[in-house]
Amino acid sequence: MKSAVRTASRLAALALPLALTGTLLAGCAPSTSGGGPQKDEKTGTLRVWLFREVGNEPKKRVVDGVVRKFEKRHDGVRVDVQYIPVDSRAEKIKGAFNDPASAPDVIEYGNTDTAGYVENGGLADVSDEFADWPQARDLDPTAKRSVTVDGKVYGAPLFVGVRALYYRTDVFDDLGIETPRTLGEVAGAARRIHAKRPGMYGLAVGGAATYTAMPFIWAHGGALAAKKRDGTYAAAVDGARAKRGIAAYTDLFGDDNCPAAKCAQMGGNDNVEAFAAGKAGMAVAGDFNRQAMEDGKAKGHYDVVPLPGTGRGSIAPAFAGGNNVGVLKSTSHRTLAVALMRELAGKDTQRRLFDAMGFLPTFTDVREQAAKKEPFVRPFVETLDAGTEFVPATPAWTEIDAGLVLPTMFQEIAGGKRGVDEAAQRAARKMDEAFAE
């Protein structure tokens with residue numbers, strides 16, 4: 001069990017999305033934000049902001065190694081790395097966009113922040129350098145999408161995180177339940193567990209667990225939104241297939257599995273805590289939740305498989321979370337900044353971050369190596385390889401997410417306030433209002 005313990009400790013810090021890629025690049029003409037040429041200094045100090053993790057020291061050691069090599073290869077260059085709190089990043093990064101004099105050259109940012117940062121004019125377009133980077137050919141498609149807005153690239157992916165199905169092996173064995181191979185079988189197993197063990201949720205679900213619910217929509221062929229020819233988005237949660245997925249998810253709120261009175265307000269962390277505490281037979285949780293399971297009553301009594309889709313042998317598409325690394329448009333060291341970006345998010349760094357922190361690599365070949373090294377991550381790698389989904393690449397998503405549009409829809413249905421059709425239509429209208437702004 002040494003491997004499992006080591007993996008658990010390394011995965012403890014994996015929480016949000018992170019950042020990007022690495023090798024040296026050839027000098028390129030700098031992009032400009034105001035029309036005139038900006039400085040592209042080849043010496044001086046490069047300022048870097050990265051997210052501070054829980055238990056940040058292993059990450060710092062990896063980054064320090066990258067910095068030492070980078071400074072050694074670039075005479076007259078010093079790299080100053082600061083670790084900023086994730087929770088307060090929004091205001092700090094907004095301030096950097098508005099005050100170039102105090103802004104870093106390179107930042108780490110969550111992959112759902114990409115479109116908003118681009119709209120705010122903060123990130124540099126690095127499309128040409130990205131295209132010339134050989135390692136980029138091995139990035140998985142969803143990771144590349146997370147740094148792409150309107151066909152242009154604004155950074156490089158650093159790590160990815162996805163969710164899969166955790167289940168209690170002891171409970172399944174005691175009740176003679178086979179590992180579910182379809183979403184229908186997941187629901188059937190959940191109801192059987194709750195019927196036999198009323199004090200336990202069969203499958204922990206939550207009205208506020210947005211990223212747990214999304215795979216149900218995608219597995220049924222639905223979508224959150226559709227991109228139109230003019231590049232804007234239109235809501236699709238009120239489509240027939242999306243509504244089938246919404247119904248499949250919200251049907252799990254009830255006295256036969258997870259009572260709405262308790263579960264409608266639960267979020268993703270609540271689901272993880274319920275499973276870890278031995279109060280749920282199953283939960284949809286991330287590779288980044290492993291430590292919580294190891295610290296709880298479920299330790300030694302669970303396994304993980306990809307969340308199945310609607311048909312046997314299929315895997316439900318998962319949301320691909322993660323972090324990216326980008327270059328600020330205001331940098332006066334563009335060539336150096338892009339080179340460092342690539343070093344920070346390159347294959348060698350991603351290998352080291354996996355070993356140190358458990359961050360799942362965004363390169364398919366490196367990820368496969370990680371799965372061979374640590375069998376626990378195999379279900380998550382299989383989920384990624386089966387194809388993942390992402391939120392609409394538009395700043396409007398930030399408003400939709402902050403406005404709790406999807407949680408409100410799930411909660412209204414789970415609580416019996418509205419039917420699926422009406423709740424989905426209301427959510428679609430709110431989404432379209434945000435897309436139109």
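"Buried" stands for under 20% relative accessible area, "exposed" for over 50%, and "partly exposed" for what falls in between (1.4 Å probe, protein chains only).

A word on the model itself: it is predicted, so local features need pLDDT of at least 70 and side-chain atom pairs count only at pLDDT 80 or more, while totals for chains, interfaces and linings use all residues. Residues are numbered from 1 along each chain as its sequence is written, and side-chain values use heavy atoms, with hydrogens and water left out.

Now to the helices. Two packed helices are described by the angle between their axes and the distance between the axes. Helix α2 (residues 57-73) packs with helix α14 (residues 334-344) at an angle of about 140 degrees, the axes being 10 Å apart. Helices (H or I, at least four residues) and strands (E, at least two) are DSSP runs, numbered from the N terminus. Axes are lines fitted to C-alpha atoms, for helices over the stretch in contact, with angles from 0 to 180 degrees between N-to-C directions. The pair α2 and α14 is therefore oblique: under 35 degrees counts as roughly parallel, over 145 as roughly antiparallel, 65 to 115 as roughly perpendicular, and the rest as oblique. On the α2 side, V63, V66, F70 and R73 meet L336, A339, L340, E343 and L344 of α14, where contact means heavy atoms within 4.5 Å.

Next, look at α9 (residues 210-219) and α10 (residues 240-250), whose axes come within 7 Å and cross at roughly 130 degrees. That angle makes α9 oblique to α10. Their contact is made by T212, A213, F216 and I217 of α9 together with A242, G245, I246, A248 and Y249 of α10.

Finally, two single residues. N111 sits in the loop between β3 (106-110) and α4 (114-119). Is N111 buried or exposed? N111 is buried, with a relative accessible area of 4%. A195, in helix α8 (residues 183-196), is exposed, at 60%. From A195 to P395 the separation is 200 residues in sequence and 44 Å in space, C-alpha to C-alpha.
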